[in-house]
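Okay, everyone, thanks for coming. I'd like to walk you through one model today, so let me put it up on the screen.

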Amino acid sequence: MKRVLSGIQPSGEIHIGNYLGAIKQWVAIGEKLGRDAFFCIVDYHALTNPLAYDPKTLAQRTFEAALVNIAAGLDPERVTLFVQSHVPEHTELSWVFTTLTPLGDLTRMTQFKDKASKQETVWSGLLMYPVLQAADILIYKADTVPVGEDQVQHIELTREIARRFNHLFGETFPEPQALLNPEAPRVPGIDGKAKMSKSLGNTIGLLEPEESIWQKIQHLPDDPQRIRLSDPGDPERTIVFTYLSYFAPKDLVEALKEEYRKAGVGTYVVKRILFDHLMETLRPIRERAEALRKDPDYVMDALLEGAKRARAVAQATMEEVREKVGLLLPR
Ligand code: AQP
């Protein structure tokens, strides 16, 4: 792993799925790679979600997404943290890539099919989403993309685009690999079914009030086959234990599973333990977020500095691309 890029949409409250699937890895990678770790708040992507996008809140959400990432441990003085629209070369490269991407490759993307099925009018931005994502990654020639499982198909498409470009215009881009957090590649939502996702309203937010988190945890579905409190349960049939495994030490999780199987412990007690361990992880993030809110210039300056560093790399790639595809270069 030499260079990394990953992104997060400012399309709603950042949740524990984003944290476990992406941000937690970003922090560890950032410590190793420093400035070669590029993390991007992908605001142009957020325009493709008509349910979440509002021009009145987008700027604030973008700022908030950066703040939460910094609060969660990303050090903007070490890594390159920036806003996608501050580096216009992403959209420029994305246009070139649209000319190399068969329509059929885009219409077969699971995420497109999923989201399009819920929309009355399907805008072409939604279809082009993975092409812009390929540009986000390849403009930095990143070889590794830490993501949740939901993004693996898009990274495969990115590899195909890189391969096609290299074949037509000469070796230019690496074929990047997705890097999953093996412990939490797909965090389920609080409904216990779909993946946790901002647009589905099934999230636990990193900065959500404690009371509201506790309410949600209390309502997490139990093993449906456990009718009476005295019935033994199967920990594999409730997401209470899935969540617990993310936040509590392994031996405690195993001991509680064992008790649950024997009806020695009820779900209420397990939920209380889950809540305590979750809050232990979230509390320092919330404290840092509180401190950052008092110093918004720090966040904004960090983003501008990040964009400056990112842009230097992106401009060099675009110069190479313009020349390779045969454009008339300005003097
Ligand atoms: N549930 C999840 N489990 C593991 N990883 C996840 N990621 C997202 N959800 C999970 C990873 O977080 C990073 C940022 O993803 P995103 O900004 O696309 O956020 P989202 O919550 O996944 O948003 P949606 O629902 O897909 O889109 P909208 O905003 O339309 O609601 C990615 O690395 C992702 O894999």
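**Around Asp136**

Let's start with Asp136, which touches Leu5, Gly7, Cys40, Val42, Gln84 and His90, leaving aside residues up to four places away in sequence. Touching, or contact, here means C-beta atoms, placed from the backbone, within 7 Å.

Quick housekeeping: this is a predicted model, where local features need pLDDT of at least 70, side-chain atom pairs count only at pLDDT 80 or more, and totals for chains, interfaces and linings use all residues. Residues are numbered from 1 along each chain as its sequence is written.

So, is Asp136 buried or exposed? Asp136 counts as buried because it has 27 C-beta neighbours inside 10 Å; the cut-off for buried is 20 or more other C-beta atoms within 10 Å of its own. Asp136 sits in helix 7, residues 124–138, with helices being DSSP runs of H or I, at least four residues, numbered from the N terminus. UniProt, in an unreviewed entry, lists Asp136 under "binding site", and such annotations may be inferred rather than shown by experiment.

Now the domains. The assignment, automatic or from a database, gives domain 1 as 4–187 + 296–325 and domain 2 as 208–289. Their C-alpha centres lie 33 Å apart. Where they meet, 8 residues of domain 1 contact 5 of domain 2. On the domain 1 side, helix 3 (residues 58–71) gives the most, with 3 residues. That side divides into 6 nonpolar, no polar and 2 charged residues, where Ala, Val, Leu, Ile, Met, Phe, Trp, Tyr, Cys and Pro count as nonpolar, Asp, Glu, Lys and Arg as charged, and the others, Gly among them, as polar.

Methods. Two residues are in contact if their C-beta atoms, placed from the backbone, lie within 7 Å. Helices (H or I, at least four residues) and strands (E, at least two) are DSSP runs, numbered from the N terminus. A residue is buried if 20 or more other C-beta atoms lie within 10 Å of its own, exposed if 12 or fewer, and partly exposed in between; C-beta atoms are placed from the backbone.
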